[in-house]
Amino acid sequence: MGEISLSELEARANAAGIDLSQIDLDSIQLPPGDDFGIISDDEDVYQEEQLDFDYGLGNTIVVDNLPVVPMEKFSKLEGVIRKIYGQIGVIKEDGFWMPVDPDTHKTLRYCFIEYNTPQEAELAKEKTNGYKLDRAHIFAVNMIQDFNRFMKVPDEWAPPEIRPYVPGENLQSWLADEKARDQFVIRASSDTEVFWNDARHLKPDPVYKRAYWTESFVQWSSLGTYLATVHRQGTAVWGGASTFNQLMRYAHPQVKLIDFSPGEKYLVTYSGHEPSNPRDANRVVINIFDVRTGKVMRDFKGSADEFAIGGTGGVAGVSWPVFKWGGGKDDKYFAKNWEEHDFRIQFLPSMFLNLGGGNQPARVSLVQIPSKEELRQKNLFSVSDCKLYWQSNGDYLAVKVDRYTKTKKSTYTGFELFRIKERDIPIEVLELDNKNDKIIAFAWEPKGHRFAVIHGDNPRPDVSFYSMKTAHNTGRVSKLTTLKGKQANALFWSPSGRYIILAGLKGFNGQLEFYNVDELETMATAEHFTATDVEWDPTGRYVATLVTSVHHEMENGFNIWSFNGKLLYRILKDHFFQFLWRPRPPSLLSPEKEEEIAKNLKKYSKKYETEDQDVSLQLSEQDREKRRKLKDEWEKWVSEWKRLHEVEKLQRQMLRDGEASDEEEEYEAKEVEVEELLDVSEEVLSF
């Protein structure tokens with residue numbers, strides 16, 4: 001069988017009526033070293049430097065620097081080694097071999113141990129390399145598969161080959177789009193596609209499409225420079241505006257989650273592995289890579305319980321992301337969220353917050369990094385739970401505090417509001433009009449001073465808007481308005497502030513209300529039936545609503561709306577499950593320049609208004625051309641049927657017994673009654 005590409009394989013599958021998207025490719029196991037002539041879509045997957053996980057050696061370690069003992073002490077030494085390594089994982093039956101010198105009948109200072117899984121072998125290497133059995137015997141532990149790599153090291157050093165410099169594509173070139181459009185990526189079935197959002201032409205403009213580009217999901221980096229794909233061998237990043245070339249790979253077997261630092265300097269990868277012993281916790285491996293060089297800067301290994309507190313996403317047992325970053329664009333600091341003795345930590349740019357709990361009063365402490373100076377602290381009493389909400393600029397912090405009532409049978413909610421940038425960091429306490437209301441959602445206005453809260457009972461809770469400053473009193477929080485009885489369970493502020501979408505997702509059947517907070521008025525109400533997600537573009541001009549196959553099998557796809565609630569276009573995609581806008585880096589303009597542009601917006605907008613008119617005329621002409629084409633097709637169809645009608649005239653005349661006319665009104669309709677005897681039966685009645 002000759003080699004075939006994936007595109008040829010797809011063509012053969014389509015010809016055979018096979019839907020490749022319904023096939024679990026992970027369940028297909030090929031013999032080691034045999035690809036059955038199918039070329040991988042990732043040309044580097046099978047290069048020699050890739051770790052080999054299917055040859056049966058990945059779960060075997062070599063333990064060196066063992067004591068040399070005669071045969072009469074062999075069993076005792078084996079028992080000691082088995083006891084040490086049996087506590088780490090399950091050693092296979094016949095999975096222990098300690099060779100003996102045939103001349104001296106003594107051991108040879110090393111042994112081989114084979115575990116059930118590669119993860120157990122990796123953990124054994126990590127925990128026992130450098131283990132001190134006694135003063136003279138310190139273990140040196142290696143994976144047996146590492147020896148293949150060591151054997152390939154040449155005896156003589158040779159200078160590395162110097163490759164000629166080849167200039168790459170400008171990774172920020174997409175930001176210079178003449179139409180000032182934004183890009184987004186979608187995943188549907190086995191395809192990954194990148195589009196321009198061409199809202200003027202009311203359609204997406206294709207940029208790049210690739211089948212089987214990733215094995216699970218894709219993710220943009222924090223500033224939109226890279227697109228990351230996830231594979232069983234690890235993660236890869238790609239870059240470009242129209243052609244996405246592979247820039248770097250990061251080896252992390254069985255990786256499940258990834259996250260970029262805010263400045264794109266580092267990539268965090270996560271994998272979780274089930275232990276052989278069901279009583280043990282899942283083992284977690286987290287690596288932090290340098291994005292440019294691909295080197296591992298830090299790694300963290302442990303049980304899933306150690307990484308259980310984090311963000312809102314993730315997989316079973318682990319919230320994601322685990323780390324919080326600080327230190328501005330240089331990504332100087334990161335902190336792990338954990339919960340030991342009810343202690344939690346979260347970052348603010350240059351600051352973090354510690355939360356204590358348990359039997360003692362909870363204590364909120366605001367500490368500056370790197371000086372570790374405590375700037376503000378407050379004790380909280382009768383605390384059931386807390387949740388932190390940072391404003392995007394770090395100007396404000398809201399701590400949602402759930403407290404027990406005096407009877408301890410129920411809880412009520414209030415907010416502790418910190419004014420971070422003001423002198424002495426004043427704290428305000430905010431309680432809702434009905435403090436027993438359940439808090440469904442909370443969201444700060446990006447770069448602003450307002451926040452919104454959904455509170456009350458389903459199915460029609462209330463939505464309240466608050467401001468941290470007003471024209472009359474800049475130091476007190478004030479309520480702007482409360483919207484009663486809204487079908488909403490989620491809040492989505494525009495990235496530029498001012499506008500917000502009150503969304504009723506999933507169980508609320510996709511109810512959408514586009515609200516102007518400046519004017520405190522509704523701009524539009526709409527519905528995207530069974531919508532599961534809402535995603536604003538990074539400029540706040542457009543917003544996407546999604547129906548993914550993760551939650552619904554019907555009507556999968558996305559709608560693109562303007563900021564004020566006008567539906568621009570709708571795209572349906574079978575097996576659609578991911579949509580991500582490409583992030584934009586912060587503006588290079590100074591605040592003064594942005595303010596100047598805002599003041600002179602009419603002058604700048606004339607150019608774009610002219611372009612919009614040209615596009616509108618072009619669309620009108622396209623619509624007229626489309627209508628002309630439909631009219632021509634209709635007239636052609638009518639003409640053809642008239643011709644056939646004339647050709648069949650004699651046949652119709654014969655069927656009408658010689659009558660030539662086709663006009664129905666020239667005929668007289670007659671009704672004819674026909675009686676038919678269906679059955680006769682006789683029955684004798686007795687009196």
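Student: Why is tryptophan 637 called partly exposed?
Tutor: This is a predicted model, so the value is computed from predicted atoms. The relative accessible area of tryptophan 637 is 47%. Buried means under 20%, and exposed means over 50%. The value 47% lies in between, so tryptophan 637 is partly exposed.

Student: Where is tryptophan 637 found?
Tutor: In helix H6, which covers residues 601-647.

Student: What makes the nonpolar surface patch of about 420 Å²?
Tutor: Trp634, Trp637 and Trp641 make this patch. A patch residue needs over 30% relative accessible area. Tryptophan 637 has 47%, so it passes that cut-off.

Student: Why is tyrosine 212 called partly exposed?
Tutor: Its relative accessibility is 21%. Buried would need a value under 20%. Tyrosine 212 is at 21%, so it counts as partly exposed.

Student: Why is arginine 498 called partly exposed?
Tutor: Its relative accessible area is 33%. That falls between the cut-offs of 20% and 50%, so the label is partly exposed.

Student: How do you know that S30 and strand S31 pair?
Tutor: Pairing takes at least two bridges. Five bridges join S30 to strand S31 (residues 450-455), so they pair. The two run antiparallel. Tryptophan 444 has phenylalanine 451 in S31 as its bridge partner.

Student: What is the strand order in the open sheet of four strands?
Tutor: The order is S30-S31-S32-S33, with antiparallel pairing.

Student: What makes strand S30 and strand S33 edge strands?
Tutor: Each pairs on one side only. Strand S30 covers 439-444, and strand S33 covers 478-483. From one strand to the next, the twist averages 20 degrees.

Student: Which residues touch the most other members of the largest nonpolar core?
Tutor: Ile61, Val63, Ile81, Tyr85, Ile113 and Tyr115, out of 22 residues in this core. Among the elements that give two or more residues are strand S1 (60-64) and helix H2 (74-86). H2 gives the most, with five residues.

Technical notes: Residues are numbered from 1 along each chain as its sequence is written. This is a predicted model: local features need pLDDT of at least 70, side-chain atom pairs count only at pLDDT 80 or more; totals for chains, interfaces and linings use all residues. Side-chain values use heavy atoms; hydrogens and water are left out. Axes are lines fitted to C-alpha atoms, for helices over the stretch in contact, and angles run from 0 to 180 degrees between N-to-C directions. Patches are made of residues with over 30% relative accessible area and no salt bridge: like charges are joined within 9 Å, nonpolar side chains (Val, Leu, Ile, Met, Phe, Trp, Tyr) within 5 Å. Accessible areas come from the Shrake-Rupley method with a 1.4 Å probe; for residues, only the protein chains shown count as cover. A salt bridge is a side-chain nitrogen of Lys or Arg within 4 Å of a carboxyl oxygen of Asp or Glu. Buried means under 20% relative accessible area, exposed over 50%, partly exposed in between (1.4 Å probe, protein chains only). A nonpolar core is a set of buried Ala, Val, Leu, Ile, Met, Phe, Trp, Tyr and Cys residues joined through side-chain atoms within 4.5 Å.
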